[in-house]
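Student: I have a protein model open on my screen and would like to learn how to read it. Could you walk me through some of its features?

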Amino acid sequence: MFRVRGLTKVYGTGAAEVRALSGVDLDLYASELVVLLGPSGSGKTTLLNNLGGLDVPTAGELQYRGQDLTAIDEAALTRYRRDTVGFVFQFYNLIPSLTARENVGLITEIARDPMPAETALEMVNLGGRLDHFPAQLSGGEQQRVAIARAIAKRPEVLLCDEPTGALDVRTGIVVLEAIQRANRELGTLTVIITHNAIMADMADRVIHLSDGRVHHLRVNEHRAPASSLNW
Amino acid sequence: MLSHLDRKLWRDLRRMKGQAFAVAMVMGCGLAMMIMARSLIFSLESTRREYYESNRFAEVFVHLKRAPNSLAARIKEIPGVATVQPGISVQVTLDLPTLDEPASGMVLSLPDFAPPELNRLFLRTGRWLAPGSRGEMLVGEAFANANHLQPGDTIAMLLNGRRQSFRISGIVLSPEFIFESRPGAALPDNRTYGTFWMPYKELATAFDLYGAFNYLSLTLEPGGKERSVIAEMDLMLTRYGGLGAYGRADHPSHIRVSDEIRVLETMSIGFPIVFLSVAAFMINAVLSRLLNLQREQIAIMKAFGFTNRQIVLHYLKFAFVIVATGTVLGGCGGVLLGHRLVILYHQFFRFPDLAFRADRTAFPLALLVCAAAATAGVFGAVRRAARLPPAEAMRPEPPANYRPALVERTGIAHFLSHTFRIAVRNLERRPMQALFTVAGLALATGILIVPNGFRDSVAQVLDTQWDIVQRQDLSLGLVEPASAQVRHLFGQLPGVVTVEPFRAAFARVGFGHQRRQLGIQGIPPSGLHNRVLDDHDHLVKLPPEGLVVSLKLAEVLGARVGDELRVEILEGKRPVRNVRLVGVSGDFTGMTAYMALPSLNRLLGEGDVISGANFRVDGARREDFLRALKRIPRVSWVAIKDSLRENFRQTTAASIGLIQKIYLAFAVVVAFGVVYNNARISLAERARELATLRVIGFSRREVGAVLVTELVVLSLIAVPLGLLLGTGFAKAIIRSVNTETVRLPLVLTTSNYAFAVLVVAIASTLSALLVLRMLDHLDLVSALKDPE
């Protein structure tokens with residue numbers, strides 16, 4: 001689905017220049033679950049933001065289903081995000097003034113072929129907390145609302161940036177289960193960023209980044225269920 | 001050397017300069033209004049006081065028929081009287097080659113060989129009258145300017161029926177005529193009415209008054225009782241045809257200046273209070289936002305050992321920089337506006353030198369008021385932040401608590417979009433911020449209503465007065481009441497369509513303990529020209545007997561229809577009668593009274609007499625008519641409706657126009673500033689939320705809609721409130737303008753309201769657009785990283 005060649009992203013100029021990505025080559029396929037591993041500053045988040053249309057690369061090729069994402073304008077990028085991509089962030093980023101159901105419903109208002117908000121929240125086992133506001137939910141619950149929000153539009157791509165980063169182990173596993181379930185049941189290409197190597201076991205493929213390049217790639221013969229992970 | 005904390009303050013300010021400036025501007029508007037009004041009050045009051053002192057303006061005045069000069073010495077004996085100045089004051093008709101119509105005026109005498117003791121003139125150009133001179137006179141500046149007269153020019157004047165030419169020796173001003181207009185006229189017409197001064201001997205001889213006086217003014221000794229002096233004078237002067245003495249408070253020119261000062265006083269308190277409360281809130285909102293962003297910094301400062309006091313002081317300094325900017329802006333604005341408005345006053349008020357004088361006490365007062373407003377605005381916010389234990393403050397703020405908004409709980413939640421829910425829930429969570437944005441917008445709407453309402457009121461008065469009440473084209477008054485026979489003479493003038501006579505008699509009307517002096521108008525009971533209307537604009541038919549008085553007079557006297565009023569005529573045979581009050585009229589000119597002409601003449605006991613007439617004239621022959629009038633020696637004054645209207649348009653309407661512009665500018669600044677501030681704060685506080693919406697696929701326009709929905713909801717609440725507020729302001733102003741001499745109705749039109757709504761809508765929209773453009777620069781990636 002994604003074809004990435006020589007992807008380079010440079011922030012700032014001159015002495016302040018930071019090369020976040022320096023020539024990433026990568027292909028991502030439909031329905032697979034990919035874990036992106038790497039230390040801080042390795043370029044994971046930059047890569048994810050480029051894939052999700054939140055940022056544009058400085059150089060290189062970035063194609064989604066044959067469409068060149070580096071050449072389209074702001075409005076087309078918005079459309080791409082709206083129709084194709086689901087995001088899950090480390091800090092949930094829920095709208096505090098909307099309930100769980102409404103946070104998800106927000107997406108179903110603008111998406112092309114959404115599932116009902118209730119169904120999406122069912123999928124992350126939050127069917128019982130539909131009308132709670134973010135402030136009334138625990139961190140894990142908030143993150144699951146964020147996942148429900150991301151999958152409600154039946155996205156082709158689900159991008160998760162440190163989804164368990166702010167959570168304890170037990171809650172983190174519940175969240176990963178939800179992501180895994182969405183990947184399995186909806187056939188969504190899922191990319192998870194983490195620096196927690198143990199999570200690599202649940203992936204189809206594991207990509208190691210360092211210094212803005214793909215360091216090495218590993219294919220898992222068997223995907224471990226999220227519930228079996230422990231760290 | 002700036003401390004590091006001050007350097008931080010400076011950089012914070014620079015980052016928030018847009019908002020800081022918006023607050024300073026709103027504050028500046030309030031202060032400008034206050035400084036302007038207070039300075040104008042100060043300018044008018046101090047200039048008038050100095051003028052009165054240096055030119056020895058008298059304190060008590062009286063007109064009478066004729067009294068020997070020796071009587072003046074007896075008046076001086078009255079306890080409490082300091083200086084007495086007798087003289088002559090007469091009405092004359094003028095013949096100006098530049099004017100089609102006859103002009104008229106008042107000529108006053110000056111002592112032949114010495115400067116007057118009281119009411120001394122100020123020489124603007126030319127020279128004083130030469131001692132013992134003849135054929136020379138001084139002219140009041142208002143009339144001279146309106147007719148482009150210079151020293152050396154000559155004017156033809158009918159003195160007691162005899163045409164004489166006079167050379168103008170100088171152009172002068174008098175403390176008696178700061179406001180110069182024909183007695184009884186609500187509006188000045190300086191083109192056709194003027195004031196002149198001549199040596200006593202020449203004037204007295206012309207009017208057979210040599211050795212006598214018909215006008216007297218005096219000053220009181222310190223501690224002299226005005227009331228008792230007036231009472232004694234009235235008693236003394238009754239047999240000499242005294243028209244009733246009056247003090248400065250009833251002096252026509254003095255009243256007009258005092259009225260203006262009173263309007264300014266209303267303005268100098270009411271508006272600034274509202275402006276400053278809105279500004280105080282805006283400071284609070286800006287600072288709360290800053291403090292939220294700087295929670296961690298505050299925590300670190302406290303962890304390093306800064307005291308709460310130091311922290312509070314640091315942020316108060318932030319507010320005071322804004323206050324200082326606002327004060328400077330307001331000071332400059334107020335002084336600038338004051339200069340413009342003082343020039344306007346020159347059209348109405350004649351002072352030797354009316355310059356703008358800044359009321360210096362207004363500046364520290366302004367600073368104090370603003371600083372108090374700002375302190376009130378920031379104190380809560382800063383204290384809240386300073387109280388937080390450092391460890392807690394260093395953690396990110398927990399997600400804010402929300403709940404379904406009130407409107408949703410009514411059961412219509414179903415129909416509301418998510419955007420709308422976000423908007424109303426946000427508003428409900430921050431009721432104070434919403435309240436003050438509403439207050440600001442309501443204020444902007446409200447202040448627009450005032451000048452337009454004032455303009456409409458004045459327009460309605462004049463339209464009613466000129467189109468419905470006074471349907472004549474012009475009116476004239478005779479030097480002395482004359483036999484009704486002259487009516488036929490008038491009828492034969494060229495171009496006359498209809499003519500109706502009137503009789504005016506100066507009288508004192510009383511009921512119970514109250515009494516007032518005014519002219520009773522005798523008009524034909526079924527007249528078509530000058531008509532009497534009640535306060536619903538219905539025609540009041542004058543019954544054959546009895547008196548109809550204006551609503552205001554009835555109210556002042558406390559009399560009701562059916563009561564017997566005591567009428568003392570102050571001229572001719574000075575009869576005193578009880579006359580039944582038979583009706584009430586809705587006049588705008590305060591104190592008026594009407595009687596059927598025959599009934600008034602019976603009361604006066606002088607036979608069938610008239611003192612003037614109202615005409616309708618064939619437009620095509622108007623000039624012939626006016627030329628013919630100029631040849632009738634007994635005509636004392638002529639009032640032409642069209643020229644009054646034109647004159648009004650050039651003076652009063654022009655000044656209302658300027659005031660409208662000032663209020664318009666204020667309203668735009670407030671609407672713009674309040675909306676800008678609100679939107680900027682929303683944008684800053686919710687950058688993360690808005691960025692999230694963008695990331696998950698909302699377009700820029702859809703995200704903008706979230707902000708705009710809030711503003712629209714606020715505006716929808718604010719505008720109707722603003723219209724109510726404006727109505728209240730307009731009522732208060734009209735009430736402060738209304739006196740015993742003028743009664744303005746409250747006129748609020750749909751177009752006035754619509755204009756206010758439109759201006760506020762446009763200003764807020766532009767301001768919102770400016771902020772929305774910032775959504776373009778929303779950094780999607782960094783907004784998602786970690787909560788600040």
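This is a predicted model: local features need pLDDT of at least 70, side-chain atom pairs count only at pLDDT 80 or more; totals for chains, interfaces and linings use all residues.

Student: What percentage of the residues in chain B are buried?

Tutor: Of the 788 residues in chain B, 56% are buried. Among contacts in chain B between residues at least 6 apart in sequence, 81% join residues at least 24 apart.

Student: Next, nonpolar cores. Which residues have the most contacts inside the largest nonpolar core?

Tutor: First the general idea: in soluble globular proteins, nonpolar side chains tend to be buried together. Here the largest nonpolar core has 187 residues, and A:Phe2, B:Phe271 and B:Phe275 have the most contacts inside it. Apart from that core lies another, of 40 residues, which includes A:Val88 and A:Cys160.

Student: You mentioned a cysteine. How many disulfides are there over all chains?

Tutor: A disulfide is a covalent bond between the sulfur atoms of two cysteines. A search of the whole structure finds zero disulfides.

Student: Now a charged residue. Is B:Arg48 buried or exposed?

Tutor: B:Arg48 is buried, yet it has no salt bridge. A salt bridge needs a charged pair within 4 Å, and the nearest side chain of opposite charge, B:Glu45, is 5.6 Å away. You will find B:Arg48 in helix 2 of chain B, residues 17–54.

Student: Which backbone oxygen lies 3.2 Å from a polar atom of the B:Arg48 side chain?

Tutor: That oxygen belongs to B:His254. Not counting residues up to four places away in sequence, B:Arg48 also touches others, among them B:Ile178, B:Val257, B:Ser258 and B:Phe351.

Student: What about backbone angles? Where is A:Ser31, the residue with phi near 70°?

Tutor: Most residues other than glycine have a negative phi. A:Ser31 has a positive value although it is not a glycine. A:Ser31 sits in the loop between strand 2 (18–28) and strand 3 (33–37) of chain A, and is partly exposed, with a relative accessible area of 38%. Another case is B:Asp208, with a positive phi of about 50°. B:Asp208 lies in the loop between helix 5 (200–206) and strand 10 (212–220) of chain B, and is exposed, at 54%.

Student: Now one more loop residue. Is A:Ser42 buried or exposed?

Tutor: A:Ser42 is buried, with a relative accessible area of 1%. Its place is the loop between strand 3 and helix 1 (44–51) of chain A. Leaving out residues up to four places away in sequence, A:Ser42 touches A:Ala20, A:Leu209, A:Ser210, A:Asp211 and A:Gly212.

How values were computed: Residues are numbered from 1 along each chain as its sequence is written. Chains are lettered from A and ligands numbered from 1 in the order in which they are written. Side-chain values use heavy atoms; hydrogens and water are left out. A disulfide is a pair of cysteine sulfur atoms within 2.5 Å. Helices (H or I, at least four residues) and strands (E, at least two) are DSSP runs, numbered from the N terminus. Buried means under 20% relative accessible area, exposed over 50%, partly exposed in between (1.4 Å probe, protein chains only). Lys and Arg count as positive and Asp and Glu as negative; His and the chain ends are not counted. A polar contact is a pair of N or O atoms within 3.5 Å; within protein, one must be able to donate a hydrogen and the other to accept it, and residues adjacent in sequence count only if both atoms are side-chain atoms. Contact means heavy atoms within 4.5 Å. A nonpolar core is a set of buried Ala, Val, Leu, Ile, Met, Phe, Trp, Tyr and Cys residues joined through side-chain atoms within 4.5 Å.
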